[in-house]
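Me: I would like a close look at one part of this model, the packing of its helices. Please start with confidence and take me through it in one connected answer.

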Amino acid sequence: MTDATLPIDDAAEPAASRKWLVYGGRVALALALLAGWEYGARALGPLFFAPPLATAERVWTLAVSGQMFADIAATLRVAVAGFAIAGVAGVLLPFLLRRSPRATEAVEPTVMFTMGIPKYALAPWLILWFGIGDMPKLVVVALVVFYIVFITTFAGIRGVDRRLISMARVLGARERTISREIIWTSLLPFFFTGLKIAFPRAVSATIVGEFLVSTQGVGRYIEGARQVSDTTGVFAGVLIALALVLIINALVNAIEAWALRWRPVEREMEL
Amino acid sequence: MTALLEIRKLGKRFPARHGREPSPWVIQDLSFSVAEGELLTIVGPSGAGKSTLLNIIAQTDTASAGEIIVDGVPVTTRDPRALKPGIDRRIGYVTQDDNLLPWRSTLDNVLFALEVQDRLDDTGRARAQALIEAVGLAGFERYYPHELSGGMRKRTALIRTLVYDPPVILMDEPFAAVDAQTRTQLQADLLRLWEMGRKTIVFVTHDITEAIALGDRALVLSKQPSRIAAEHIIPIPRPRNVKDIFALPGFAATYEKIRADVQ
């Protein structure tokens, strides 16, 4: 064994055992949650608390019949479209404001003020305007997402190391290059944090929207089940929504890891 | 010798904050000139406005009085928005912090300069590679800044400026944050590179030994408001061996003279 390989071997051993400890902990926590769920169902009865097994069966039935995928597609269509529109706007606006402190001072208070509007409460009014199609839901989702992306992007821009910008200017970089290379890359960690907060909310907003107006979607299914006191159906719908958010979060995490691969890995930054 | 860079009666005070008196003059009545191919060092105590002076020359900050003339053309402005940092790539600036882009590897950090200037071609790549080898960074081209030592990062920052070959290079205590041995090595590297191309360099430091080891001429800055307090021609012939600079004839006497002028 050469000297160069020594520290790597040393580090590999505890890291691997620590990893299994983490996985073990996760499984134990999941089992405890399941046990609590089962206990709740037995103590309160299936009308108030659907048992895990029945819920799983229902999810399976929905999956086999294909209804689950149709509902997911309907929900995702609205959530992703609203998310995309608001995401682009929430990133572009801070970039446009970046070069002008005066415009920022003028626009920012208004943005922060309108953030206080309860978006879900707008839904009935939006239905009046846009009818009962996807549009009112889209607007609610976009409003929910926009503020999160706007605020995290702005925080990211403010956190950019001014010295890097100054360095690039001395080298003769154009403002467009500085925006793309230095500001955008510096704020990626903020941007991904924003995405991870905003996406579950986009899905939630879509589902709430579907309670009010929809012919399809996970929210439609939950609301339909509630109306006939089908608690198992409600639980199955919530479970599907949860899985949806989990899968998409995993996807965002993977993209983040790839986009930020230049950063020191977390193992090296242990607190 | 013609003056490539001339500073005339430069003054700087920072704008008053709301409700306060305007700040005192940081720099006042400061004049000097640098000839083409000269390595000028400027020594001054901490807080003498050394960085401010270089920021003004590099046009990342405005002057409050006086003029800066590059190649016979005045380039001074009082309007912060009219500043032209690096004045069309003619003034390179190696700052105290290396300011490497953490998401770019060593090679890509060096190429960044050429990239933003739309000058990234095979000649540029070859030049970058040659400089990387000249400062002993070969083999570290694909490393990210956080994987490099302090000295390696300084070298990367240095050749990022050398790679696009600006006629004037400003250096703001670039070797201050590394250990003494690495610093001597970096000084030797700088002198070797300089003797290859004979660029015009203004090198600011608080270290008298460094000012003597590197410079053709050393200027001494006074305390604030900062002016040129003294000028010393360095009598030590080149090429100099930086590691044995103390032993070279003329060093001790020059050191004593400069130290007497540094307050």
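Reply: Happy to. Among the elements of chain A, helix α1 (residues 6–44) has the lowest mean pLDDT, 80, while helix α7 (residues 162–170) has the highest, 95. Here pLDDT is the predictor's confidence in each residue, on a scale from 0 to 100, and helices are DSSP runs of H or I with at least four residues, strands being E runs of at least two, numbered from the N terminus. This is a predicted model, in which local features need pLDDT of at least 70 and side-chain atom pairs count only at pLDDT 80 or more, whereas totals for chains, interfaces and linings use all residues. Residues are numbered from 1 along each chain as its sequence is written, and chains are lettered from A and ligands numbered from 1 in the order in which they are written.

Chain A as a whole has a mean pLDDT of 88, with 92% of its residues at 70 or more. Its residues 1–10 stay under 50, and the model gives that stretch one contact beyond four places in sequence (a contact means C-beta atoms, placed from the backbone, within 7 Å). For chain B the mean is 92, and 100% of the residues reach 70 or more. The predictor gives the complex an ipTM of 0.91 and a pTM of 0.84.

Now to the helices of chain A. In general, two packed helices are described by the angle between their axes and the distance between the axes. Axes are lines fitted to C-alpha atoms, for helices over the stretch in contact, with angles from 0 to 180 degrees between N-to-C directions.

Helix α5 (residues 123–130) of chain A and helix α6 (residues 135–158) of chain A have axes that come within 8 Å and cross at roughly 135 degrees. That angle makes α5(A) oblique to α6(A); under 35 degrees counts as roughly parallel, over 145 as roughly antiparallel, 65 to 115 as roughly perpendicular and the rest as oblique. On the α5(A) side, A:A123, A:L126, A:I127 and A:F130 meet A:M135, A:P136, A:V139 and A:V140 of α6(A). By class, this contact has eight nonpolar, no polar and no charged residues, where Ala, Val, Leu, Ile, Met, Phe, Trp, Tyr, Cys and Pro are nonpolar, Asp, Glu, Lys and Arg charged, and the others, Gly among them, polar.

Helix α6(A) has another partner in α3(A) (residues 67–97), packed at about 35 degrees with the axes 7 Å apart. The crossing of α3(A) and α6(A) is right-handed, and the residues of this contact divide into 19 nonpolar, four polar and one charged.

Helix α4 (residues 150–162) and helix α5 (residues 180–197) of chain B pack at about 20 degrees, with their axes 11 Å apart. That makes α4(B) roughly parallel to α5(B). Residues B:G151, B:K154, B:R155, B:L158 and B:L162 of α4(B) make the contact with B:T182, B:Q185, B:L186, B:D189, B:L190 and B:L193 of α5(B). The classes in this contact of α4(B) with α5(B) are five nonpolar, three polar and three charged residues. The crossing of α4(B) and α5(B) is right-handed.

Notes
Contact = placed C-beta atoms within 7 Å. Left-handed = near helix turned anticlockwise from the far one by under 90°.
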